[in-house]
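Open the structure in your viewer and keep the selection tool at hand. We will go from stop to stop, picking residues as we go.

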Amino acid sequence: MDIVRARELAGSALAWLEASRQRINDLNVYPVPDGDTGTNLTLTVRAIVEALERSDATGPEAVAKELSDAALRGAHGNSGVIFSQVVRGFADVLGKHGDVDGAVLAEAFRSASDSAYRAVRRPVEGTMLTVIREMAEEAEEPGARNLPAGELLERIVGRGEEALARTPELLAVLREAGVVDAGGAGLVEIVRGLAAGVAGTPPPTGPVESEELGLDAIHQELSEFRYCTVFLVEGSALDADALEAELEPLGDSLLVVGTSELLKVHVHTDDPGAALSLGVKRGTIEGVEIANMHEQTAEREERLTSGAELGEIPTLETALVVVAPGRGTRRLFEELGATRVVEGGQTMNPSTGDIAAAVEAAPAEHVIVLPNNKNVILSAEQAVGLSAGKAVHVLPTRTVQEGLRAAFEYQADGDAAGNMARMVEAIAPIRTGEITTASRSVSLDGVDVAEGEYLGLVDGHAVVSTAGFEDAVEDVIEALLGDGHSVLTVLVGEDGPDTGELQDRLTERHPSVDVQVLDGGQPHYPLLLWSEP
């Protein structure tokens with residue numbers, strides 16, 4: 001393959017991918033719902049096209065190296081980095097051959113698949129990995145190697161479409177959202193573009209329409225980590241495995257790929273600076289990209305609920321905006337009908353602007369806001385003045401427990417006054433409890449608290465500090481169940497015990513109490529509890 005032909009085929013792949021870019025972004029729910037897979041793949045392929053346009057490489061080996069280097073340097077996001085390894089494996093084979101026929105394509109697709117799988121420490125099926133593997137398997141089918149390159153590529157595209165359609169069977173998050181894998185969809189369009197370039201088929205004249213998505217595909221939980229961090233490390237004798245091992249404790253979706261002179265790093269983390277520092281220790285870093293995935297997720301949700309893809313969203317009589325910490329509590333509020341959920345809580349309080357934006361996006365003239373944290377109440381009240389044209393009602397819930405109990409009373413088709421009255425009545429008698437770990441030694445409400453011990457609080461006051469988790473739980477529950485309270489709800493945090501085992505244990509110990517244990521996933525508090533008569 002010469003440089004001219006490489007430019008033509010890369011340009012065709014980019015054109016087909018660009019036409020489906022927004023559709024692919026809309027599908028993006030894995031590994032995080034940040035809605036940028038189509039954009040990241042497009043930027044990656046565009047970097048390849050631009051590098052080839054500048055290149056004067058001659059001969060298959062030089063062209064293949066140009067292709068591989070451009071993909072690595074221009075890779076954007078998780079999907080782009082994995083695709084760069086697809087390109088690397090493909091180019092390794094093309095560089096050895098002058099002519100490209102069915103046999104060479106079969107070898108190239110197999111090399112591309114193997115390279116992509118090697119790049120991912122824990123490969124997940126139901127992703128673009130599955131799609132490239134099945135494409136390689138199709139190319140290796142008996143008789144396929146003897147086909148002309150154009151015919152074989154058409155078969156490979158067909159197999160890729162079939163593999164893509166099956167991705168929800170392999171990955172639960174796709175199945176629950178009712179979508180196929182976005183990275184796999186992008187890969188199919190790229191190969192479709194290659195096939196079209198070989199056949200001389202012109203690309204689409206305009207954007208491909210997005211598919212109609214259900215609410216489960218739109219309202220997705222936030223990623224565990226906030227920042228998508230990507231950068232290059234240039235140096236000598238670079239050790240990808242060693243760098244990967246040091247980066248792994250910082251987050252997830254980790255990829256470290258490349259050569260001993262050039263590595264591409266991708267990681268989802270809350271501490272991009274620490275990741276960059278590890279790169280600086282080994283060489284020169286460049287091409288740094290840091291994206292706030294939580295903001296991207298909110299923007300994706302806002303775009304998809306704007307009416308362009310789903311039709312007009314029905315106007316509610318009263319909307320509910322809540323502030324919630326953790327993916328589990330977000331899910332619980334959404335199940336109770338919350339129209340918008342703003343991320344926030346201990347150590348990460350949302351701004352007045354964040355709350356005002358959620359209020360403005362809510363499809364109702366009357367909006368109830370549940371701040372669910374005493375430090376957020378003022379921001380929620382200030383947001384009222386920024387929401388022109390809407391009647392905003394703030395119920396000053398001080399805890400997640402109060403907020404959830406209030407949300408149980410929410411009726412979207414009810415008027416704001418009736419909703420507020422029911423909520424106020426519901427939370428008035430409840431008592432709230434918390435189990436956390438003491439960060440320092442102190443005397444609190446007459447309780448000697450030792451750093452590192454489990455601290456139990458009831459209605460914001462310390463009742464116990466002990467090294468035993470179950471002892472702390474029992475003391476808090478005993479205090480909550482006084483005054484005739486016989487209903488107990490427990491939210492298990494991200495560092496809490498198994499919900500099923502806790503449900504069984506509490507039911508056995510308190511047979512006369514109606515106990516419900518829910519997965520809250522909240523940070524900092526292994527358990528949040530509330531009781532009511």
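Start by selecting Phe469. This residue is buried, because its relative accessible area is 17% and buried means under 20%. Keep in mind that the model is a predicted one.

**The aromatic pairs**

How many aromatic pairs are there? The count comes to 2.

For one of them, select Phe90 and Phe109. Their ring centres lie 5.2 Å apart and their planes stand at 90°, so the pair is edge-to-face. Now colour the two helices. Phe90 sits in helix 5 (residues 77-94) and Phe109 in helix 6 (residues 102-119), so the pair ties together parts that are 19 residues apart in sequence. Are these two residues buried or exposed? Both Phe90 and Phe109 are buried.

Tyr454 belongs to strand 12 (residues 454-458), while Phe469 belongs to helix 20 (residues 469-480). The pair links distant parts of the chain, 15 residues apart. Check the cover on each partner. Tyr454 has 25% relative accessibility, so this residue counts as partly exposed. Phe469, as you saw, is buried.

**The charged patch**

Switch to a surface view. Select Glu224, Asp270, Asp271, Glu494 and Asp495: together they form a negative surface patch.

Zoom in on Glu224. Where does Glu224 lie? Look in the loop between helix 11 (215-218) and strand 1 (227-234). Glu224 is partly exposed, with a relative accessible area of 47%.

Methods: Residues are numbered from 1 along each chain as its sequence is written. This is a predicted model: local features need pLDDT of at least 70, side-chain atom pairs count only at pLDDT 80 or more; totals for chains, interfaces and linings use all residues. Side-chain values use heavy atoms; hydrogens and water are left out. Patches are made of residues with over 30% relative accessible area and no salt bridge: like charges are joined within 9 Å, nonpolar side chains (Val, Leu, Ile, Met, Phe, Trp, Tyr) within 5 Å. Accessible areas come from the Shrake-Rupley method with a 1.4 Å probe; for residues, only the protein chains shown count as cover. A salt bridge is a side-chain nitrogen of Lys or Arg within 4 Å of a carboxyl oxygen of Asp or Glu. Lys and Arg count as positive and Asp and Glu as negative; His and the chain ends are not counted. The place of a charge is taken as NZ of Lys, CZ of Arg, CG of Asp or CD of Glu. Helices (H or I, at least four residues) and strands (E, at least two) are DSSP runs, numbered from the N terminus. Buried means under 20% relative accessible area, exposed over 50%, partly exposed in between (1.4 Å probe, protein chains only). Rings of Phe, Tyr and Trp (its six-membered ring) pair if their centres lie within 6.5 Å; planes under 30 degrees apart count as stacked, over 60 as edge-to-face and the rest as tilted.
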